[in-house]
Amino acid sequence: MPGDRLKNASPRPRVLVVGFAGHQGMEYLPVVQENAEVVGGVDPAPGAASLADTWGFPHYDVLGEALEKVEFDAAVVTVPHSEHFPICVKLLAHGRHVIKEKPFAVTEPEARQLVHLAQRADRSVFTLLQRNFNPAFQFAQENLARIGRPYWFSYDYHFNLAHPTTGWRASREQAMGGVLLDMGYHLIDVLCGMFPEPPRVHSAFVHQYQEMRDRRLEDLVSLMCSYPSTGLAGSLRISRHSHEKIEHLCVLGTEGALNVAPGGATLHAVGGLLLERHTWEGPKTDAVRSMIAHHLGHLDDRYYRQDHLQRQLAAVRTIDGIYRERTREQNELADRCA
């Protein structure tokens, strides 16, 4: 009977939104409200209180006050990079699930501690990465085996901003990294879903603007990855100030090639014969909607949780390793010049 189905339906999860007044929080908020009951919001930004009134939920300036006054199952966290770790630690200590913007963590030790805390609390920490829910990237993942043994990939992701980076991403203390940690996290996550972690990565950090050089926030990064045990190698180029906004991944294999962009993917045989084309013309909000609904529906799925945590640990370990190697090289250069 229809009444019985309604009676047995799972209740909508209660969600606290943390950092909801920023650009990313505003993008996710309506989709979260479609899939959950938003019971409160935390954001000290001017205008956050009136925004919460408009959306119909209580507003709090600090997380501690919300934890004292609101009952919720999960928090959706969209804050600057420097705030991710302490917020997640506090939420897990109070037994709450976390659904958060990337990165999962900034450093490998922080990532390992989050995994430990999540497992100890029996709670999920899911990272919001839209490409995993984009049909073009899903097609590439599902058809990777059709190109045989992959031996090369190239991945380019560029914005075409006409001015220096602004906002919290222009602050070393808040951003804690440049385009590699910000834009590059999406790409490293995609590659971690297709290939093992790269044992060797060579990097070049480039600055278009002197102020970004002074703050040690790279405007462009070029990476060369190699996997000696499999014969795979590949390159990534990521920047904010190219002449066009573009994202394109190409994977070459012994039996064909995959080309992937947000709007579609193609599968080619060796020699260039088109075997299959998959296009996606849906709005970006479709991927966002699928992503948030999926994570909210799998909060208590321990198997999905474990796979997700291990993949995010691999992504953080790769990026943190690149930054640490970069710092080591700079220190050695400084010592030689001293």
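Predicted model: local features only at pLDDT ≥ 70, side-chain atom pairs only at ≥ 80, totals over all residues.
The protein chain has an average pLDDT of 95, and 97% of the residues reach at least 70.

Next comes the inside of the protein. The largest nonpolar core holds 72 residues, and the members that touch the most others in it are Phe104 and Phe153. Helix H12, spanning residues 302-337, is the biggest giver to this core, with 8 residues. Leaving aside residues up to four places away in sequence, Phe104 touches Ala111, Leu114, Val115, Val125, Thr127, Tyr185, Leu309, Gln312 and Val316. There is also a second, separate core of 24 residues, with Val32, Phe57, Ala74 and Val288 among them.

Now for the helix pair. Two packed helices are described by the angle between their axes and the distance between the axes. For helix H5 (residues 81-93) and helix H6 (residues 108-121), the axes come within 10 Å and cross at roughly 15 degrees. Angles under 35 degrees count as roughly parallel, so H5 and H6 are roughly parallel to each other. Their crossing is left-handed. On the H5 side, the contact is made by Phe85, Cys88, Val89 and Leu92, while H6 brings in Glu110, Gln113, Leu114, Leu117, Ala118 and Ala121. Leu114 of H6 also turns up among the residues that Phe104 touches.

Terms used. Residues numbered from 1 in each chain as written. Heavy atoms only, no water. Core = buried A, V, L, I, M, F, W, Y, C linked by side-chain atoms within 4.5 Å. Buried < 20%, exposed > 50% of the residue type's maximum accessible area, 1.4 Å probe, protein only. Helix = DSSP H or I, 4+ residues; strand = E, 2+ residues; numbered from the N terminus. Contact = heavy atoms within 4.5 Å. pLDDT = per-residue confidence, 0-100. Axes fitted to C-alpha atoms, helices over the stretch in contact; angles between N-to-C directions. Parallel < 35°, antiparallel > 145°, perpendicular 65-115°, else oblique. Left-handed = near helix turned anticlockwise from the far one by under 90°.
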